[in-house]
Number of protein chains: 2
Amino acid sequence: MEDKNISQAVISRLPRYLRYLGELKDSNVERISSQELSELMKVTASQIRQDFNNFGGFGQQGYGYKVSYLYDEIAKILGINKTHHLIIVGAGNLGQALANYMNFERRGFHFKGIFDSNEALYGKKIRDMYVQPMNEMEAFVKENDIDIAVLTIPKTGAVKVAEQLVNCGVKAFWNFAHVDLNVPDDIVVENVHLSDSLMRLSYNITQSYEEKEDK
Amino acid sequence: MEDKNISQAVISRLPRYLRYLGELKDSNVERISSQELSELMKVTASQIRQDFNNFGGFGQQGYGYKVSYLYDEIAKILGINKTHHLIIVGAGNLGQALANYMNFERRGFHFKGIFDSNEALYGKKIRDMYVQPMNEMEAFVKENDIDIAVLTIPKTGAVKVAEQLVNCGVKAFWNFAHVDLNVPDDIVVENVHLSDSLMRLSYNITQSYEEKEDK
């Protein structure tokens, strides 16, 4: 594979390319030049060419990019043609929202179960899955080859639960708990710290107001 | 203010500093050296010093940082001592989850109302707020000095709703809709594209598996 050592900045931009290419595909657009893609996505054409060059190009001079080919290649790089087994730990509002809202399967993530320590939730059905007690989680993870856990539990329990899951074979976390997990280096962690995002928003508003006052 | 032209990378790290400093404060820790903070946060001490130097330092040689002072200064930079009025547009699972899950008020965001186009939700109470119809949104925004909108609606309607809100005076968006908004440059947009995050996770898992196979 050529896609070793690509910067996380480039990787971070790939899902957005995939989103636009998916929409073009859905609209039956077959080809697009880097100039057209640039105008659509509001990034420079040279940025697009540079990003795609990381993976060997995908384009032909004077022809532009073939949309469906480009889509498939980026999908492959992102690994969404692979199959993963996923559980959600934490069946509160956020866990339920993600279960219902995310189209996990479309990206190769098979939603297999949801767990919570709150007895009141046991037996509740969330997207065709009954909420299961936490003490059945370990056995379930081993039996069902679960490789990904979505953590939507409060930060107090998250570090310990993550360690427990790593011991059962979980390889990756989509972590919404507002804490940094303490897991070995070969375990993948993608943090979504919503509070941090809200604070970036707060900062940018403050800056934007001050700039206006300066004028 | 000294905090002009600070890179978004530094800004992005500030909420994490604030989180750790908040926990230290809660544990009654009064002072901390950059070395200790470095070990706790698993970033280099020189990174910490560099980041804080962007804002004039905060530290004294041989004394370390005073936790509560540092916390307050970073909070000020992030603007979370300011007051904002916020509505949530979209009362589905995600909108409800954010309403219930986020401690908006703690960060100066006052949650004022929630809107949806789904009649079945009208009158439903979410965190002490009744869901209101979309056609009452414009008047509400003007009457209540709303400056921030959280968008948790499907991507098909989001671009139009955002334009409508800008016309009523909304200055910033926390955008969960899976689409890029088309708003003037002076409007602040903080995107949370959960699907993009899930794809980064997918990519990093794929890479991590391939590295293991290579060994």
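These legends describe close-up views of a predicted two-chain model.

Local features need pLDDT of at least 70 and side-chain atom pairs count only at pLDDT 80 or more, while totals for chains, interfaces and linings use all residues. Residues are numbered from 1 along each chain as its sequence is written, and chains are lettered from A, ligands numbered from 1, in the order in which they are written.

**View 1. Chain A is divided into two domains.** Domain 1 spans 8-78 and domain 2 spans 84-196. These bounds come from an automatic or database domain assignment. The domain centres, taken over C-alpha atoms, lie 32 Å apart.

**View 2. Chain A meets chain B.** The contact takes 45 residues from each of chain A and chain B; two residues are in contact if their C-beta atoms, placed from the backbone, lie within 7 Å. On the chain A side, H1 (8-26), H4 (67-78), H5 (93-101), S9 (172-175), S10 (188-191) and H8 (194-214) each supply at least two residues. Helices (H or I, at least four residues) and strands (E, at least two) are DSSP runs, numbered from the N terminus. H8(A) gives the largest share, 15 residues. This side of chain A holds 21 nonpolar, 14 polar and ten charged residues. Ala, Val, Leu, Ile, Met, Phe, Trp, Tyr, Cys and Pro count as nonpolar, Asp, Glu, Lys and Arg as charged, and the others, Gly among them, as polar.

**View 3. A rotation relates the chains.** Turning by 180° with 0.0 Å of shift along the axis superposes chain A on chain B, RMSD 0.0 Å. The two copies are thus related as by a two-fold rotation axis. Within chain A, A:Ala97 comes closest to the axis, at 3.2 Å (C-alpha). The copies meet through the same surface, because 100% of the interface residues of chain A are also interface residues in chain B.

**View 4. H5(A) packs on H5(B).** Their axes are 8 Å apart, at an angle of about 165°. Axes are lines fitted to C-alpha atoms, for helices over the stretch in contact, and angles run from 0 to 180 degrees between N-to-C directions. The pair is therefore roughly antiparallel, the term for angles over 145 degrees. Residues in this contact include A:Asn93, A:Ala97 and A:Tyr101 from H5(A), and B:Leu94, B:Gln96 and B:Asn100 from H5(B). The contact has six nonpolar, six polar and no charged residues.

Terms used
Least-squares fit on C-alpha atoms with pLDDT ≥ 70 in both. Parallel < 35°, antiparallel > 145°, perpendicular 65-115°, else oblique.
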